[in-house]
Amino acid sequence: MNKTLLYITVIVIATCGLVYELVVGALASYLLGDSITQFSTVIGGYLFAMGIGSYLSRYIDKGVAQRFVEVELAVALLGGLCAPLLFLTFTLTDLFHVALYGSVIVIGTLVGLEIPLLLRILKDQLKFKDLVSQVLSLDYLGALAASVAFPLLLVPKLGLVRTSLLFGILNAGVGLWSTWLLAPLLGNPLRLRVKAVLLTVLLVVGFVLGDRLTTFYEDQLYADDVVHASSSPYQRIVLTRGKRGFSLFLNGNLQFASIDEYRYHEPLVHPAMIRAGKVEHVLILGGGDGLAAREVLRYPEVRSVTLVDLDPAITGLATRYDELARLNGHSMTDGRMRVVNADAMRFLTEGTQRYDVVVVDFPDPNNFALGKLYTTGFYKLLKKRLSPDGVAVVQSTSPLFARQSFWCVEATLKAAGFWTQPYHALVPSFGEWGYVLVAHEAPGFHRPLPEGLRFLDMATLEALSQFPPDMGPMPAEVNRLNNQVLVHYYEAEWRRWN
Amino acid sequence: MELTRRELVAAFLGSAVAASACKRESAPRAPIPGAVVDRAVELGHRLRGGPLPRAEAVEPVDVLVVGGGVAGLSAAWRLKGAGVKDVRVVELEAEVGGTSRSGRNAVSAFPWGAHYLPAPLEDRGPVVRLLREMGAVAGVDAQGLPTFEEELLIQEPDERLFYQGHWYEGLYLRVGATPEDLAELARFDARMNAFAAARDAKGRKAFAVPTALSSDDAEWTALDALSMAEWLTREGFRSARLKWLVDYACRDDYGAVSEHVSAWAGIWYFAARQNGQGERSEGFLSWPEGNGRLVQQLASSLPPGAVSRDVLAHTVTPGEQGCRVDALDARTGQPRAFQARQVVLACPRFIAAHVVEPWRRERPSWLGAFSYAPWVVANLTLSSPPASRGFPLAWDNVFYESRSLGYVVATHQLLRQDERGPTVLTWYLPMAGADVKAEREKALSASYADWEALVMADLRPAHPGISAQAQRLEVQRWGHAMVRPTPGFVWGPERRAAAQSLGRHLHFAHTDLGGLALFEEANWFGVKAAERVLAELDVRSESWL
Ligand SMILES: Cc1cc2nc3c(=O)[nH]c(=O)nc-3n(C[C@H](O)[C@H](O)[C@H](O)COP(=O)(O)OP(=O)(O)OC[C@H]3O[C@@H](n4cnc5c(N)ncnc54)[C@H](O)[C@@H]3O)c2cc1C
């Protein structure tokens, strides 16, 4: 048996084992915040699980070499895929904690089996004292290599997803060459070899695509540090901070980036405000981050702003989280502000007060429950609550990415009996974004734009209602409670871009 | 004979449900609080239990309506519309509505029977009049067809189907359908569209709502002689999925499988509520309480005090000047009697035959032709909507492999964005076996614990973990829920004979006179009986029919 190869094996195994631990720990602190807690619980859990693995090794009596290769392959699979899978569970489910500690325990246990099994395989080749000293020193050497390379090389160059996949490949490689190295001790090396090859291919494919995965999750989703993450019964709320400011994500969808949110909120609010007959009583539906309210409160005539958002977690964050409160100009604690945590549809049905301006800022219609908020049924309720010379505005998804969806919203508002004025603005974080201004009848212009805007002036405003051909009007059905065509349009259109 | 849990489930819901539910059975849970809420057995016994006491004092009234279901309330509504003041409705239950009754708890209102009304296609007739009175008609479109308030039409998603662990959109099982299956479906749809468009020489629709307006040309009525299953075979339809869909339709509307439903009635289901373009122009109207909302509208149109609840009429004796009606206070057992110039008897035939005094002596010849399917309806209150795999929760949620019809979500029609709160599911089981008497006994013999086991066994495969969400279960057994349009019945002589007034003072109304158990039929016969009363009372009023 070739000793050098064996020693290399030990180093690789040791490096891989530590890398998985670091990957999981980094991922946890990255997604959940509070890195001290995350790192210490992950490392503690992992070491404990390794202990379990070492203990369990005594129950393996026969076919130790065979088991060793199998363990290598299992570690390669689970360790290699741990980062992408954990990312997925985080974005798609509420089970992140379960998945996190589950993988810590399982991977730790498997890694804990490796060295004891290897020691037993080698016990006939070497004297006991040489065996222990060489294997253990190489093990610690591997750990050192991993912990140095991880922050300096691996994360910056590869990112977490590809790091975990790369070490999975190395682990699978160990499994593969062990089938030669330990051939005399293996019953049927061929089957193991085939498995190892298949696994390597899988991980290599993952690694190549991992580039996209990484961009998807890390560059687009959370390119920056997570500074707040919480789950409310309604959604997952994540706040990140980076060089260019901070961003809010709800269920993984970007709500705003502080660097360019003004390019979204100024066009959302001001066209309605300057064209409404009065602006004394303003209603904001959605918009729990308080940013639309900030724009509304620029007008001294405003006497009350009612903000209706389903989720107390988000309005609470906007009120109490310092940086967010600073960004929204402390709008949430303004004396004119009334925050109502309620279902917007029920709020409109149950009350009677009319509002001079209504800002409708709901998430995009990507499911039936949200789709309801874009139907003639909803807009008729809205119409009843808009004063005779009032103006409302509806955020209407992107006329570029979801062109038919945008024009469907416009057609639906028309069908509900509104005068409509569609327009759009470029928000770099989102792309081209669309709005529809509505009123009972075509409104005039009643007041100037407030001072201090960064994006809108009258000339820009006029240009916003020009649509280039690739975003221009197109036929679309009216979205009703009993057909929900918009959800279908929306799904089909966004699928093309993702 | 004691059945095991699994045998019980197999006996009521079929072996497929038994297999998958029992596989998933977890550790025994605390029983779900609830009860069987009907009084079916108790009141039936009273009627058949020998001579009942008669009251000394007789209350005079111009028109007495016996039965506060849709037919009886529609009759009273019609009479009110003609200005007849002295009208009294007696209803044996504590609530009006009959098989369209509804209930309510802290979470939601919910139906105990009928839950939807197909939106009328034409702007005429008493049903549209009623809908207009309640503000449900939004307007008329360019073709003069009525349109309805959007929030009353079933919201999307409206229907889904559970099959082997997964929910799919719609009621036809498309997944795994072969090209032959789909071709048959298309051919079937085309046939039904043609039936929907068919008119006779007088311009009458071949299949109309209500059935009374349908053509009586033999070209179509001949279809009444054979069963829907026979018609499918005759026309070369072999697809199991299509057969399932047709069976589902027959069970849903008539409580019987296609072998026991006349082809005329089976086709009526697919052809009468659409205009021949295949699309129902507006779809279904529904409310959280189902057609209980229509019942409420009818009842609220009547003057206060017009309806007496908990009054069981047991003997109707026609005389020279009118009818004497003897009744019992269902709570106290005290006898009551009415002397009415006109009576509308708005209860089903199997009761009428017991109640009308001359028929007690001589059993009417038509009685044997009427048969009724038993149904069981359960309302299950959940702490949150059931979790499911595949297509999301819809209004109507159907299990492909069960004999139940699945469930309807009572809170579906509420105008709200947040759908996570507690809800009520209304679960329907037509007892569609061939021998209705045996089915009735089976339904009545099962205990609350049995029903709890059955309902949960039906739901669990589609919603693992639902037992933990269950807060309350109430079960209503309808011994004679729906008249069955068996072959030969709808166009046979018995049905028409039974609809004839008995003398000049006693008129009949009930959905069973139309041969189909539906709101439109009950309403039609109620209005029609009332108009006979108006003629007898010499009150002039233009017909609403
Ligand atoms: C489970 C179920 C689901 C259904 N779903 C639908 C649906 O979705 N859509 C639809 O259109 N139809 C549906 N139906 C059909 C429904 O039966 C009709 O719509 C309609 O309610 C029938 O009304 P009716 O007045 O003719 O009869 P019933 O409902 O039978 O009313 C008769 C009334 O008379 C009372 N009564 C009887 N005898 C006496 C007596 N001796 N003294 C005093 N009162 C008496 C009864 O208590 C009852 O209230 C359903 C029926 C059932 C059972």
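Before I go on, a word on what you are looking at. This is a predicted model, in which local features need pLDDT of at least 70 and side-chain atom pairs count only at pLDDT 80 or more, while totals for chains, interfaces and linings use all residues. Residues are numbered from 1 along each chain as its sequence is written, chains are lettered from A and ligands numbered from 1 in the order in which they are written, and side-chain values use heavy atoms, with hydrogens and water left out.

Back to B:D200. This residue sits in the loop between α6 (179-197) and α7 (218-221) of chain B. Helices here are DSSP runs of H or I with at least four residues, strands are runs of E with at least two, and both are numbered from the N terminus. Is B:D200 buried or exposed? Its relative accessibility is 7%, so B:D200 counts as buried. Buried means under 20% relative accessible area, exposed over 50%, and partly exposed in between, with a 1.4 Å probe and protein chains only.

The loop between α6 and α7 of chain B also holds B:P210, and the peptide bond from B:V209 to B:P210 is cis, with omega near -10°. Chain B has another cis bond, from B:E156 to B:P157, with omega near -5°. B:P157 belongs to the loop between β8 (146-148) and β9 (159-163) of chain B.

Now the ligand. Which residues are closest to the ligand? They are B:A71, B:E91, B:T99, B:S100 and B:H510, out of 35 residues that surround the ligand; to be near it, a residue needs one of its heavy atoms within 4 Å. B:T99 has a polar side-chain atom 2.6 Å from an oxygen atom of the ligand. A backbone N or O atom of B:V70 lies 2.9 Å from a ligand oxygen atom, and a backbone N or O atom of B:Y116 lies 2.9 Å from a ligand nitrogen atom. On its own the ligand has 970 Å² of accessible area, and the protein covers 95% of this. Those areas come from the Shrake-Rupley method with a 1.4 Å probe; for residues, only the protein chains shown count as cover.

Where does the ligand lie in chain B? Domain 1 (5-30 + 372-483) and domain 2 (49-101 + 290-369 + 487-536) both give residues to the shell, so the ligand lies between them. The domain bounds come from an automatic or database assignment. Among the elements of chain B, β13 gives the largest share of the shell, 3 residues.

Let's move to chain A. Its C-alpha trace spans about 95 × 45 × 40 Å along its principal axes, and its secondary structure comes to 16 helices and 11 strands. Its domains are assigned as domain 1 (3-218), domain 2 (223-256) and domain 3 (259-495). Taken over C-alpha atoms, the centres of domain 1 and domain 3 of chain A are 50 Å apart.

Please find strand β3 (residues 245-250) of chain A. β3(A) pairs in the antiparallel sense with strand β2 (residues 236-242) over 6 bridges, and with strand β4 (residues 253-257) over 4 bridges; strands pair if DSSP finds at least two bridges between them. A:R241 stands opposite A:F246, and A:S247 stands opposite A:A257. A hairpin of 2 residues joins β2(A) to β3(A). In the hairpin of β3(A) and β4(A), A:N251 takes a positive phi near 50°.

My last stop is A:E295, in helix α8 (residues 291-296) of chain A. A:E295 has a relative accessible area of 1%, so this residue is buried. Its side chain makes a polar contact with that of A:H270 at 2.5 Å, and another with that of A:R298 at 2.8 Å.

Key: A polar contact is a pair of N or O atoms within 3.5 Å; within protein, one must be able to donate a hydrogen and the other to accept it, and residues adjacent in sequence count only if both atoms are side-chain atoms.
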